[in-house]
Amino acid sequence: MKEYNKTLLVFLFCLIGTISRGQNINLKVIGDLENGFNVDIYNGTQLLIHNTEEFSLKLANFDLSENVTIEAWKGEKWKGDKNHIELTKETYIPDFDLNVSITVTYQVVKGNIVKKSIDLLQTGMPTLYFTIEEKAKPAQKPSRYVTFEHDNFPGGFAHEMFPSAGFVTPDNQLVGFLMDAGYKNHYTRTTRRRFNGHGGGFVGMRKLPDPSLITIATKEERIQNQDYIKQTFGEMYNLDAGKEFNLKINEKFKKIGAVQIEKKDSLFSLNFKQDNQSGFEIIAPFKDQKIYTISFLSKGTTPVAVKLFRIKNGKKTVELENGVKYIDKFPVAENEWTLFKGSILVPYIENDSISLFIGAQNAKYCDLQIKNLQIAEHQPQKEPYNKMNMGQTVTKTTFIFVEPWKNHHDFVISSQIRLAEAKGFEGTAIDKMLYANFNMLTWITSIDDFTPFNVPNMNYSPDMYNRDSFFSVVSSYNKELNLSIWDQWAKTQNKKGAIATIITPYMGTIEAKDNEATIEFLIWAMLNKRRFGAVLPEDKIKKAVDFILNEFDDDKDGICKSHFSMSQVDVRIYEPKTDKLAVNQGMLAIALRTIKELGYPVTEEYIEKAEKEYRKFL
């Protein structure tokens, strides 16, 4: 079996190497002084991408009262060769009385990968909002379009966690499109926020960033020979602006669980008989690639649950992710109506139906009333949110790779491997895939905060957990990320010295407790000093040291005592503190070694005492 695995790996690397060497990607400038210059991309003598422009740019001042669009930008000057081309132009914008210096650079970074970067610089306004659209046009009509999650994508926006798309040429060449990490290109995959104060769960964001990060020509556009793949950075959908339409809701409903339901006009009256999930279910009038808001009034003696599931071939499958989710205990009053309102982005879901459940999770002998159920479809106002600050160059980086088309499985693997290679990463195929996924799950914090934000667990999105980001980021040796995200955690330190478990965009958290977060914070500080020679705030480190020594072993007997497990199962509370967990004892021993390396007084005898206690668990 081991020999088989070795042979398979050797074959994989030979195949990857053959694909790379078999391509001869080269660049060519087209245009003239009068009409401007842009770049075509070839594979040998075969033209693959034939654009009519490099990008379009939408600009706005800070209060959005002035808006300007630069359509179809081309370079005024160029220099370079078939492997490296640079286009430049000083673009004057009379509406703002502003010059924007723009440089577009193409570079063949491997035999089958092209890196494209757009540099924007303005020195005349404190801040300028912008959205930039890069549209790549196939030289020949593609036989199909693919995305990371779909083998034959029909068109429209593709909201996927790994933003990769491609087209297949008539002679079976795959042309794939990738992009740099969100913290570099200033985008996020966040679509929802916590519903704190309303029983927990998630609802969709009213200002929704980057829904059309990747867009592919629709079937109607393709019929008119308008083929393209478009990457859009810095675009936000404002659901509270634009237009919305209330949709007709099917009068038919299905009773779920042990509940008696009476319906009169828009009022549902529910009387629950058993302690299980009960309520009613309707087929929502949802369509793919749309955004909706669900609202209703409710009152009664039990909290409300709201669920949205896909239905394929009559069978319920997975819950929708991009908005309303985990609504189990929305609080209501017995005698006053309470408004529920939550939005949801529906991505491409292969035209599945959507079931909407409203009821209760556990509500024996309870009553609930629901009225004025409405579903609104949005045509939101599109607004720029990326920022071009005075005197600071903003760069957008994308990548193009070319190789023979095999199947969708290979496209998914290649998207990850080629992204890592495009960014200069070296390692095995698995190493490259892990590195690529780490980059694609590291975004900006929000539309107003471009600080890096790492979300390696999509079940928790949009929240950044301490332990998740710690293990992900320290593995990267990326100085910028290690220092900036460590600094974000430092800001969460409370008066006792504890570091928070979680950072939640758009909402708050008070979760700073005696789990492993503060220990990982110190280990991270130690690694940042070792690797990068970083000078870190000693007051933060000292407070964390004092918290660990006082909270986990106040009597200094070397035995760790805590209210929580120092692991991902830290939801159970131990009262009084427990000293029966091996993981906790091990974390204390590691913490003491870390504290000593950081230069704080810890005796070797004390460390050995903690390690001896850990070995007793073996």
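Colleague: By class, which residues make up the lining of the largest cavity?

Modeller: The lining has six nonpolar, three polar and four charged residues. Keep in mind that this is a predicted model.

Colleague: How should I read a cavity in general?

Modeller: Rolling a probe the size of a water molecule over the atoms shows where empty space is left. In a cavity, the probe fits but cannot get out. Now take this chain.

Colleague: How many cavities of 30 Å³ or more are there?

Modeller: Three cavities reach that size. The largest cavity holds about 110 Å³ of space. Its lining counts 13 residues, and those closest to its centre are Lys116, Glu134, Ala136, Phe177 and Ile400.

Colleague: Which elements each supply at least two residues of that lining?

Modeller: Two strands do: β10, residues 127-136, and β33, residues 394-404. Of the elements, β10 gives the most, with three residues.

Colleague: And pockets? How do I read those?

Modeller: A pocket is an open set of points, whereas the probe cannot get out of a cavity. Start with volume, then turn to the lining. Here the largest pocket has about 450 Å³. Its lining has 24 residues, with Glu149, His159, Glu321, Asn322 and Pro347 nearest the centre.

Colleague: By class, what does the lining of the largest pocket have?

Modeller: Count 10 nonpolar, six polar and eight charged residues.

Colleague: What volume does the second largest pocket have?

Modeller: About 380 Å³. This second largest pocket is lined by 17 residues, and the closest to its centre are Phe157, Ser212, Tyr237, Gln289 and Lys382. Several elements give two or more residues to this lining: β12 (156-157), β19 (229-233), β20 (235-246), β25 (290-300) and β31 (366-384). The largest share comes from β31, with five residues. By class, the second largest pocket is lined by four nonpolar, seven polar and six charged residues.

Colleague: Let's step back to the whole chain. How many helices and strands does it have?

Modeller: There are 11 helices and 37 strands.

Colleague: What does the radius of gyration say about the chain?

Modeller: Compare the value with the one for a compact globule. For 618 residues, that would be near 25 Å. The chain has 28 Å, which agrees. Along the principal axes, the C-alpha atoms fill a box of roughly 80 × 75 × 65 Å.

Colleague: What share of the 618 residues counts as buried?

Modeller: The share is 56%. The accessible surface of the chain comes to about 27700 Å², and 50% of that belongs to carbon and sulfur atoms.

Colleague: How do I read contacts along the chain?

Modeller: Look at the separation in sequence. Take the contacts with a separation of 6 or more: 67% of them are between residues 24 or more positions apart.

Colleague: Can we try one residue? Is Asn185 buried or exposed?

Modeller: Use the cut-off: buried means under 20% relative accessible area. Asn185 has 0%, so it is buried. Asn185 sits in helix α2, residues 182-185.

Colleague: Which residues does Asn185 touch, not counting those up to four places away in sequence?

Modeller: Asn185 touches Met179, Asp180, Phe233, Asn386, Thr395, Lys396 and Thr397.

Colleague: How many residues apart in sequence are Asn185 and Phe450?

Modeller: They are 265 residues apart in sequence. In space, their C-alpha atoms are 9.8 Å apart. Find both residues in the structure and look at the pair.

How values were computed. Residues are numbered from 1 along each chain as its sequence is written. This is a predicted model: local features need pLDDT of at least 70, side-chain atom pairs count only at pLDDT 80 or more; totals for chains, interfaces and linings use all residues. Side-chain values use heavy atoms; hydrogens and water are left out. On a 1 Å grid over the protein atoms alone, a cavity is a set of points where a 1.4 Å probe fits but cannot get out, and a pocket is an open set with protein on both sides within 12 Å along at least five of seven lines; lining residues have an atom within 4 Å of a point. Grid points are joined across faces, edges and corners, and a volume is the space filled by probe spheres set on the points. Helices (H or I, at least four residues) and strands (E, at least two) are DSSP runs, numbered from the N terminus. Ala, Val, Leu, Ile, Met, Phe, Trp, Tyr, Cys and Pro count as nonpolar, Asp, Glu, Lys and Arg as charged, and the others, Gly among them, as polar. The radius of gyration is taken over C-alpha atoms; the globule rule is 2.2 Å times the number of residues to the power 0.38. Buried means under 20% relative accessible area, exposed over 50%, partly exposed in between (1.4 Å probe, protein chains only). Contact means heavy atoms within 4.5 Å. Accessible areas come from the Shrake-Rupley method with a 1.4 Å probe; for residues, only the protein chains shown count as cover.
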